[in-house]
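Me: I'd like to learn how to read a model like this one, feature by feature. Can we go through it together?

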Amino acid sequence: MKKWLVTGLSIVLAATLAVVPATPSVLDAGPKTASAATKTTQTYMLSTKKTYVRKGASTKNTAVGYIDKKVRVKLKITKGKSWAYFSEKGLKGYVKLADFKDLKRKSSSERESKIITLVNKERKKAGLKPLKENKVMNYTAYYKSKEMAQKNYFGHDGGKYKTWSNLITSHIGINITGMGENIAYGYPSTKEVMIAWMNSKGHRENILNKNFKEMGVGVYYDKSNKRFYWTQHFLTK
């Protein structure tokens, strides 16, 4: 399998509105070991008419029941591409995460969608194919933005998963040929943060990387500091 390097730089909004690059994170694609599954529990609501609850995290596993009502449920995000663990009222098993909407992220969804639109607009101008939205990576990106705000740090590495690559592989799995991350904070709008990313060599390279096929975006607003935290995650399988 061919390996290639992905460099992701970080930016910060300084008092002078200048973009200041931090130490780059470099990932050698194709990690050798899988990371442990996260046990983070989030509140979701069914976004389709019906989804099956299965014995294991695969459609090959037997269905033990189904959910067909749009009620609030607690899902525990597990390792893998797009599955979560469900356990309520005697029904236990795994469900497809893509069939649910994360209620805690409702206020940021418009900004996140706008970022994906702006990224694909830049890729189109560069003659590149658009990136497909990956809902699991939306979660990892949101987790990163929220964690940076709540734990008061800014950087690619740090927090519960130690490194940004561990955060991604813990949810997506290790069968990945490349991934990248762009982060920012302090910018008040999608337009301004995208301008900053596109004016920074490392961030621009991630956005216009021809090898990337999918992406996720997470935006978190820190009410105490009155600032937005922005994260982009990129992926090639």
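Me: How much space lies in the second largest pocket?

Reply: Start with the general idea: rolling a probe the size of a water molecule over the atoms shows where empty space is left. On a 1 Å grid over the protein atoms alone, a pocket is an open set of points with protein on both sides within 12 Å along at least five of seven lines, while a cavity is a set where a 1.4 Å probe fits but cannot get out. Grid points are joined across faces, edges and corners, and a volume is the space filled by probe spheres set on the points. Here, about 200 Å³ of space lies in the second largest pocket. Before going on, note that this is a predicted model, where local features need pLDDT of at least 70 and side-chain atom pairs count only at pLDDT 80 or more, while totals for chains, interfaces and linings use all residues. Residues are numbered from 1 along each chain as its sequence is written, and side-chain values use heavy atoms, with hydrogens and water left out.

Me: Which residues line the second largest pocket?

Reply: A lining residue has an atom within 4 Å of a point. That gives Tyr 66, Ile 67, Asp 68, Lys 69, Val 71, Val 73, Phe 86, Glu 88, Lys 89 and Leu 91. β5 (63-67) and β7 (83-88) are the elements that give two or more residues to this lining; strands (E, at least two residues) and helices (H or I, at least four) are DSSP runs, numbered from the N terminus. By class, the lining has six nonpolar, no polar and four charged residues, where Ala, Val, Leu, Ile, Met, Phe, Trp, Tyr, Cys and Pro count as nonpolar, Asp, Glu, Lys and Arg as charged, and the others, Gly among them, as polar.

Me: What sits over the ring of Tyr 66?

Reply: The charged end of Lys 50, 4.3 Å from the ring's centre. To count, NZ of Lys or CZ of Arg must be within 6 Å of the ring centre and within 35 degrees of the ring normal.

Me: On to rings. How many aromatic pairs does the structure hold?

Reply: A pair of aromatic rings is described by the distance of the centres and the angle of the planes. Rings of Phe, Tyr and Trp (its six-membered ring) pair if their centres lie within 6.5 Å; planes under 30 degrees apart are stacked, over 60 edge-to-face, and the rest tilted. The structure holds 10 such pairs. Take Tyr 143 and Tyr 161: their centres are 5.5 Å apart and their planes lie at 75 degrees, so the pair is edge-to-face. Tyr 143 belongs to helix α2 (residues 135-150), and Tyr 161, 18 residues away, to the loop between α2 and α3 (164-172). Both Tyr 143 and Tyr 161 are buried, meaning under 20% relative accessible area with a 1.4 Å probe, protein chains only (exposed is over 50%, partly exposed in between). Together with Tyr 139, they form one aromatic cluster.

Me: Why does the pair of Tyr 185 and Tyr 229 count as stacked?

Reply: Because the ring planes are at 20 degrees, with the centres 5.4 Å apart. This pair links strand β11 (residues 178-185) to strand β13 (residues 227-236), 44 residues apart. Tyr 185 and Tyr 229 are buried as well.

Me: Is α3 mostly covered or uncovered?

Reply: Mostly covered, with eight of its nine residues buried. Among them are Trp 164, Leu 167, Ile 168 and Ile 172. Just after α3, Gly 173 takes a positive phi of about 110 degrees.
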